Amino acid sequence: AMLRAMGDGLTLRDQTRFRPIRAVRTPLQPAAAGHEWVRMTLVEGKTREVRRAWQHFGFVVSRLVRDAYGPFELGELRPGEVEEVPRRCVARLLRLRERVLEGSGRAAPVDLAALEVKISRHD
């Protein structure tokens, strides 16, 4: 029910609205007792969105692991490392964006981030 609610978008008690968040239970690694890993894909990425969304349901986020940003997967890239995006990839993304803008009059949502989130029930 919670994951479905996130998928429909959330309105928090303070009236902050989050666009749909895809959330699927999936183990990144064995979780400690009382913890669970959830894979989430965001569209917006508002400040502390993941933590606030889980807090809305009474959970505490104990760890976030970003593994992609937009269409770019981080793979084995280490913190502080930089990898150049090939010019042809950037050109292809810009062409796709233009087609979306022409066809609908506005930009379609693009996944902002894919995260693995470790949660536990807040007591």
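## Overall architecture

The chain contains three helices and seven strands, where helices (H or I, at least four residues) and strands (E, at least two) are DSSP runs numbered from the N terminus. Along the sequence these elements are arranged as α-β-β-β-β-α-β-β-α-β. The model is a predicted one, in which local features need pLDDT of at least 70 and side-chain atom pairs count only at pLDDT 80 or more, while totals for chains, interfaces and linings use all residues. Residues are numbered from 1 along each chain as its sequence is written, and side-chain values use heavy atoms, with hydrogens and water left out.

Of the 123 residues in the chain, 24% are buried; buried means under 20% relative accessible area, exposed over 50%, and partly exposed in between (1.4 Å probe, protein chains only). Among contacts in the chain with a separation of 6 or more, 65% are made by residues 24 or more positions apart, a contact being heavy atoms within 4.5 Å.

## Surface

The chain exposes about 9000 Å², of which carbon and sulfur atoms supply 51%. Accessible areas come from the Shrake-Rupley method with a 1.4 Å probe, and for residues only the protein chains shown count as cover.

Phe72, Val85, Val90 and Leu94 make a nonpolar surface patch of about 290 Å². Patches are made of residues with over 30% relative accessible area and no salt bridge; like charges are joined within 9 Å, and nonpolar side chains (Val, Leu, Ile, Met, Phe, Trp, Tyr) within 5 Å. Leu94 of this patch belongs to helix α3 (residues 87-104).

## Nonpolar core and its surroundings

The largest nonpolar core has 16 residues, and Met6, Ile21, Met40 and Trp54 touch the most other members. At least two residues of this core come from each of α1 (2-8), β4 (35-42), α2 and β5 (59-69). A nonpolar core is a set of buried Ala, Val, Leu, Ile, Met, Phe, Trp, Tyr and Cys residues joined through side-chain atoms within 4.5 Å.

Trp37 lies in strand β4 and is buried, with a relative accessibility of 3%. Its C-alpha atom is separated by 8.8 Å from that of Val24, 13 residues apart along the chain.

Gly7, in helix α1, is partly exposed at 34% relative accessibility. Leaving out residues up to four places away in sequence, Gly7 touches Pro20 and Ile21. The C-alpha atoms of Gly7 and Arg19 are 8.2 Å apart, and the two residues are 12 apart in sequence.

## Charged residues

The structure holds two salt bridges, each defined by a side-chain nitrogen of Lys or Arg within 4 Å of a carboxyl oxygen of Asp or Glu. Asp14 and Arg52 form one of them, at 2.7 Å from N to O. Asp14 lies in the loop between β1 (10-11) and β2 (17-18) and Arg52 in helix α2, so this pair ties together parts that are 38 residues apart in sequence. Arg52 is partly exposed, with a relative accessible area of 23%.

Glu36 and Arg25 also meet in a salt bridge, at 2.6 Å from N to O. Because Glu36 lies in strand β4 and Arg25 in strand β3 (residues 22-25), the pair ties together parts that are 11 residues apart in sequence. Glu36 is partly exposed, with a relative accessible area of 30%.

Glu49, located in helix α2 (residues 49-56), is buried yet has no salt bridge. The nearest side chain of opposite charge is that of Lys46, 7.0 Å away; Lys and Arg count as positive and Asp and Glu as negative, while His and the chain ends are not counted. Apart from neighbours within four places in sequence, Glu49 is in contact with Phe18, Arg19, Ile21, Leu42 and Glu44.

Most residues other than glycine have a negative phi. Gln15 is not a glycine but has a positive phi of about 75°; Gln15 is placed in the loop between β1 and β2 and is exposed, with a relative accessible area of 53%.

Arg48, likewise not a glycine, has a positive phi of about 55°. Arg48 is found in the loop between β4 and α2 and is exposed, with a relative accessible area of 53%.
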